[in-house]
Amino acid sequence: MKNEEVRMTTKDIIKPENLVYQKPEIMNDVPMHYCPGCSHGVVHKLVAEVIEEMGMQDKTVGIAPVGCAVFAYNYLDIDWEEAAHGRAPALATAVKRLRPDRLVFTYQGDGDLAAIGTAETVHACNRGESIAIIFINNGIYGMTGGQMAPTTLEGMKTATCPYGRDVKLNGYPLKITNILKELEGTRYITRQSVHTAAAVRKAKKAIRKAFENSMEDKGTSVVEIVSTCASGWKLDPVQANEWMEKNMFPAYPLGDLKNVE
Amino acid sequence: MAKVRGAVVVNNERCKGCELCVAACPSDVLAMSKHVNAKGYNYAYMANEEACTGCANCAVVCPDGCITVYRTKVNG
Ligand SMILES: Cc1ncc(C[n+]2csc(CCOP(=O)(O)OP(=O)(O)O)c2C)c(N)n1
Ligand code: SF4
Ligand code: SF4
């Protein structure tokens with residue numbers, strides 16, 4: 001029997017009946033423009049996997065942001081709308097009210113959601129719209145070249161605060177999900193990450209729950225993903241994950257902030 | 001005792017050489033090729049084929065969905 005094991009080559013293992021994981025079909029083959037190692041790619045994949053597992057490909061409307069994820073509509077084969085910068089929750093409100101049978105989610109960066117779109121975010125959550133908000137918090141404006149965001153950490157260097165964020169000048173890192181959890185319209189608020197395989201699997205469960213809440217008309221769900229922007233942070237992708245664990249997680253601790261059963 | 005063996009197939013042309021899969025593999029299976037793809041990235045490959053258990057950790061963390069994973073039981 002030992003011999004059988006020795007004889008088994010990768011060729012013998014690579015057979016359709018042994019398949020355990022592949023890129024979700026909803027994720028198109030077109031290459032994504034994201035930098036190597038970008039968390040956006042991982043989260044796109046999770047969104048695609050959850051929609052596939054829920055059998056909702058033809059019944060999902062995603063609302064894409066302005067920011068690095070502006071081309072999300074090229075990457076996932078579902079219906080999309082493109083919102084003006086920060087306005088995704090307002091557009092999602094309209095789509096969900098007109099088509100309550102649709103799974104409606106926004107996908108937004110921290111500049112989009114917590115700076116220019118603060119009002120739309122807060123009011124959609126306060127109204128308790130049955131939408132899911134996927135919130136990519138990388139502490140920076142990625143698309144425009146790494147400027148300071150409301151979420152930028154104290155002392156963190158960016159293109160617009162080259163000596164580090166000074167709270168006297170720029171205020172404190174905005175923990176917007178902590179604010180959203182206080183609103184009566186929100187049902188499920190969680191903070192996740194995708195830096196390890198275990199974290200990715202947990203984040204996927206959170207996205208699933210948020211999407212199910214949207215379909216069951218249970219109010220607003222927000223899944224914050226503490227994310228890396230290796231290029232903006234000027235680190236390689238593996239170092240960016242380490243930097244995130246060390247610096248981002250103390251300011252943005254992972255876990256559920258609110259879960260009304 | 002049944003033993004689990006795995007194997008991965010990397011989509012070389014889709015790979016961006018980020019090395020997150022190398023860091024995520026608990027069995028030190030993966031490494032970066034000395035060759036580059038059309039985009040100029042060194043791509044991941046199985047440097048230590050026998051050690052793969054097919055746990056899929058590499059594929060789960062890959063931001064670009066480049067990795068397909070296979071797993072089978074072997075009697076040994
Ligand atoms: C009305 C308007 N103001 C400003 C901009 C410039 N702009 C484009 S993306 C962006 C911020 C993106 O940062 P974030 O939302 O954190 O997403 P990321 O790129 O980091 O994923 C800004 C300010 C714009 N496109 N439209
Ligand atoms: S499937 Fe698991 S053991 Fe095999 S290469 Fe990927 S991470 Fe390593
Ligand atoms: S995680 Fe994916 S993109 Fe990054 S090196 Fe591995 S296979 Fe390539």
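**The interface of chain B and chain A**

The contact, which means heavy atoms within 4.5 Å, takes 36 residues from chain B and 38 residues from chain A. This is a predicted model in which local features need pLDDT of at least 70 and side-chain atom pairs count only at pLDDT 80 or more, while totals for chains, interfaces and linings use all residues. Residues are numbered from 1 along each chain as its sequence is written, chains are lettered from A in the order in which they are written, and side-chain values use heavy atoms, with hydrogens and water left out.

Between them, chain B and chain A bury about 3,000 Å², a figure for the accessible area (1.4 Å probe) that the two parts lose on being put together, summed over both; of this, 64% lies on carbon and sulfur atoms. On the side of chain B, Arg14(B), Val60(B) and Tyr70(B) lose the most area to chain A, together 20% of what that side buries.

The elements that give two or more residues to the side of chain B that touches chain A are strand S1 (2-10), helix H1 (20-24), helix H2 (57-61) and strand S4 (67-75) of chain B, where helices (H or I, at least four residues) and strands (E, at least two) are DSSP runs numbered from the N terminus. S4(B) gives the most, with 8 residues.

Strand S1 (residues 19-21) of chain A pairs with S4(B) in the antiparallel sense over 2 bridges, pairing being assigned if DSSP finds at least two bridges between two strands. Here Tyr21(A) stands opposite Val69(B).
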